[in-house]
Amino acid sequence: MLIFDAHLDLAMNALEWNRDLTRPIDEIRQRENGLIDKPDRARGTVCLPEMRRGGVGVCVATQIARIEHNAYSPVFGWRSQTQAWAQTQGQLAWYRAMEEAGQMAQIRDAEGLERHLKLWAETPLGSSSSSIEMGPGNNDKDENDRKRKLPIGYILSLEGADSIVTLKHLEHSYEQGLRAIGPAHYGPGVYANGTGATGGFNANGRELLKEMQRLGIILDVTHLCDDCFWEALDLFSGPMWASHQNCRALVPHNRQFSDEQIKALVERDAVIGAALDAWMLVPSWVRGKTTPESAGLTLEKIVEHIDHVCQIAGSARHSGIGSDLDGAFGQEQTPADLDTIAGLARIPAMLKARGYSEANVTLIGHGNFVRFLREAWS
Ligand SMILES: [Zn+2]
C-alpha cells in the first residue's frame, strides 16, 4: 500500500546531519560510526531507498530553521531571522537538487498530486510486509528496479515560521511551492508560541495567518501551544491539519492533543498524522535514558494513538501517519521492532488485525491526506 508520511525533515538531515539520503541506510550509518555530535549518529532510520522499499511514495517534507530563545534552547537556534531564512533556502536548494536527479518530485497542486499518484499506482510495489522485513533481495528483481527509479513526491512545509522575515518572504516561499506552515516549534517563536510555552499569537502572527489564508497555505497546528491552538481555530478559516501529533490521553504532555482538541479538529475536517518519536508514544520517557527495549516500545503503540483518534472521531476519516522518523532522533528513540522507515508498511496489517476494514486502512495509510489535499487545492 502507498504510505503518505505527513512529516519528515529530509533536507535538515541532508544539510545539518550531513547525510546523503540517496545512499543505502547501512552506508549512511556506517559513515557515522564514531561520531558523537548528535544523539542519533549511526542510528538513522530514513533515506530515500528505504522510503521506496516501504512504499512511502509521498511525504510532507520540511524546511526548518528556528531562531535562538535563551529560555527554551535545548536545540540549536540561529541568531537572526535572516540567517534562518538563508538556512531554509539552502534546504530548498537540496530539494531542488533531488528533483533534478529524479530522486524526488515536488507536489504543489492538484494536478501534480494526481500525476504522482498515478505514477506510483502504475508501478506496483511489493505489498506483503514480510518481504519488507526480509529486505530488498526478497522481491522480484524487475519490480525492484522499477521501484528504485520512482521519485518520492513531497509537499513542501515549514516547521516553525521564524525564518519568514516579512510577509514578502511568505509570498516568495509560496511561489517556491511552500504549501503548509506550522507557525511555532518548541517554546516561544517569532509569530506564535509552541510546545512547552503559553500565550496566543502576537500581532505579526495574526498577520501571518491572514496572509497564509489568502495564499491558500495549509495551517499545521502541530507544535502550537494550547493557547495558540484554540486561537488559531478562530483566527484561521482555511484548511488545517496536524502533521505529526499524538494523543494526550495516552501520553500526558502538552506536546500531545487533548481529546477536546482532537474533537475540535474533527469538526474542522482536519487530518492528524500519528508520530513515531518514542517520548510521544509512551508516558514517562526520559531522553537518553529510557530505551525502546526498557519501555517495551513496539510499532504497535502508534496504532493505539491512531485508534484513539478514530474512536473520538467516530470514524477513520481523520487519522494518518506523520512519522517524524528523522526529527533529530534515530533507533535509540523509536520502536524496538522498527529498523527503518520501510517498517511503516507493517502498519496497515496491524490496523487490520484490530478489525479495521480494508477501506479504512487505506484511508489511514494515505487516503485521508490525499483527500485533504484534493479538497484544499480544488
Ligand atoms: Zn516536530
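Keep in mind that the model is predicted. The zinc ion is held by three protein donors, E159, H223 and H244, and the helices that follow the two histidines in this tour are α10 and α11.

**The zinc site**

- The donor atoms are OE of E159, NE2 of H223 and NE2 of H244, and they lie 2.0 to 2.3 Å from the zinc ion.
- Along the sequence, the donor residues follow the spacing E-x63-H-x20-H.
- H223 sits in the loop between β6 (218-220) and α10 (226-235), while H244 sits in the loop between β7 (240-241) and α11 (259-267), so the two histidines tie together parts that are 21 residues apart in sequence.
- Are these two histidines buried or exposed? Both H223 and H244 are buried.

**Helices α10 and α11**

- The axes of α10 and α11 are 11 Å apart, and the two helices pack at an angle of about 20 degrees.
- Angles under 35 degrees count as roughly parallel, and α10 and α11 are therefore roughly parallel to each other.
- The crossing of α10 past α11 is left-handed.
- On the α10 side, the contact is made by D226, F229, W230 and L233, and on the α11 side by E260, Q261, A264 and L265.
- Sorted by class, this contact of α10 with α11 has five nonpolar residues, one polar residue and two charged residues.

**Helices α11 and α13**

- α11 also meets helix α13 (residues 300-313): their axes come within 9 Å and cross at roughly 65 degrees.
- Which hand does this crossing have? α11 passes α13 in a right-handed crossing.
- From α11, the residues making the contact are D259, I262, K263 and V266; from α13, they are H308, V309, I312 and A313.
- By class, the contact of α11 with α13 has five nonpolar, one polar and two charged residues.

**A look at Q87**

- You can find Q87 in helix α4 (residues 81-100).
- Its relative accessible area is 15%; buried means under 20%, so Q87 counts as buried.
- Leaving aside residues up to four places away in sequence, Q87 touches E16, I64, A65 and W78.
- Q87 and M12 are 75 residues apart along the chain, and their C-alpha atoms are separated by 9.3 Å.

Terms used: Residues are numbered from 1 along each chain as its sequence is written. This is a predicted model: local features need pLDDT of at least 70, side-chain atom pairs count only at pLDDT 80 or more; totals for chains, interfaces and linings use all residues. Side-chain values use heavy atoms; hydrogens and water are left out. Donors are N, O and S atoms within 2.8 Å of the metal (3.2 Å for Na, K and Ca); water is not among the atoms, so sites may look incomplete. Helices (H or I, at least four residues) and strands (E, at least two) are DSSP runs, numbered from the N terminus. Buried means under 20% relative accessible area, exposed over 50%, partly exposed in between (1.4 Å probe, protein chains only). Axes are lines fitted to C-alpha atoms, for helices over the stretch in contact, and angles run from 0 to 180 degrees between N-to-C directions. Angles under 35 degrees count as roughly parallel, over 145 as roughly antiparallel, 65 to 115 as roughly perpendicular and the rest as oblique. A crossing is left-handed if the near helix is turned anticlockwise from the far one by less than a right angle, and right-handed if clockwise. Contact means heavy atoms within 4.5 Å. Ala, Val, Leu, Ile, Met, Phe, Trp, Tyr, Cys and Pro count as nonpolar, Asp, Glu, Lys and Arg as charged, and the others, Gly among them, as polar.
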